[in-house]
Amino acid sequence: MPPESPTTLFLLRCTALLAALRDGPLARPDLLARLGDAYPRTASARPMVDRDVKHLAELGIVIEISRTRPPVYTLHGGTPAFDTADLRALALIRDTFGDRHPQSAQIHALLQRLTSQLGEVAQRTYQRRQARRAPVQPAVDYTPYDALIVRLDRAIDARQKLRFRYRSSEGRLTLHQQVEPYAIEFYDRHFYLVGYSHNSRQMHDFRIDRIQDDDSFAELERLPPAMAHTRPPLVFRYRLAATLAQGELSQRFEHQRVVERLPNGDVIIEAEGRSDFFIIQTLLRYRANAELLHPPELRQRMADEVRRLAELYR
């Protein structure tokens, strides 16, 4: 069997070297042990590894060698090769996250790392504003709440109960002694913590900028593995005017379906909503083109809301 060429041996060594460092930095003794038979099991392996590190750097793959004893090897990778579709996708991500998004700084820092070494032509493609963008721009600046969102996210992962004070839209502060956090959601241009409050024994959407990150905030005991509260779906019906019922319906609610078509072209739709507040606020955007029909108590709440609105313009 013919001996392997130097190029083949180099590729085999580099493959082993990159595989060894892919999961994280390694001190030299641990790295040499991980490399197995890819390198000689002699003192010559050390300078051979360092030479291969230099060759990989010439190919754009950077392995940092610390000045400590023993030295630590850290794989930083190289500059990815992006085609036009990739560059447009990166630009779309850039244009999607507005500066009031809590993770905007991290997202734009990552994009900067990915695109800083682009050539002139590729930079022009990347810098072009994307017409298909759908900006995620919160109604208020959520960047000051990034640390709080991280804490909430960590509590969700750990299934850890929380205690915090919450400021209502009227400015009233309520101490929720125990809240089981389940998710963070973004809708109506705000971030919400979805959680079960033991105060009300109900699921709530807590707007995150109204959660008080003060001395009252505490992480409590963890939930038992099988314990979980769910939000029962709120089923309702509404009439949508014919002018808006043509073609595909906007999916503003979950599980929408047309249950009746009226002679004038209007349609009766059955759907599920996350809360009374969400349903009423969403249907109000349709103005006179939508009528909440059922259930009666929700229709009455809508009527009360419209009545208060009308009194403002008398």
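Does T282 count as buried or exposed, and at what relative accessibility? At 2% relative accessibility, T282 counts as buried (under 20% relative accessible area, with exposed meaning over 50% and partly exposed in between, for a 1.4 Å probe and protein chains only). The model is predicted, so local features need pLDDT of at least 70 and side-chain atom pairs count only at pLDDT 80 or more, while totals for chains, interfaces and linings use all residues. Residues are numbered from 1 along each chain as its sequence is written, and side-chain values use heavy atoms, leaving out hydrogens and water.

T282 sits in helix α8, residues 276-284 (helices are DSSP runs of H or I with at least four residues, strands are runs of E with at least two, and both are numbered from the N terminus). Beyond its neighbours within four places in sequence, T282 is in contact with R252 and F253 (heavy atoms within 4.5 Å).

Y238 touches, among others, F253, V267, L283 and L292, not counting residues up to four places away in sequence.

The axes of α1 (residues 6-21) and α3 (residues 45-58) come within 11 Å and cross at roughly 90° (axes are lines fitted to C-alpha atoms, for helices over the stretch in contact, with angles from 0 to 180 degrees between N-to-C directions).

Strand β4 (residues 160-167) has several partners. It runs antiparallel to β5 (residues 173-187), joined by 5 bridges (strands pair if DSSP finds at least two bridges between them), and R167 has L173 as its bridge partner in β5. In the β4 and β5 hairpin, with 5 residues between the strands, G171 takes a positive phi near 90°. β4 is also antiparallel to β9 (residues 218-222), through 3 bridges, where Q160 stands opposite R222. Finally, 2 bridges join β4 to antiparallel β8 (residues 211-212), with R165 paired to Q212.
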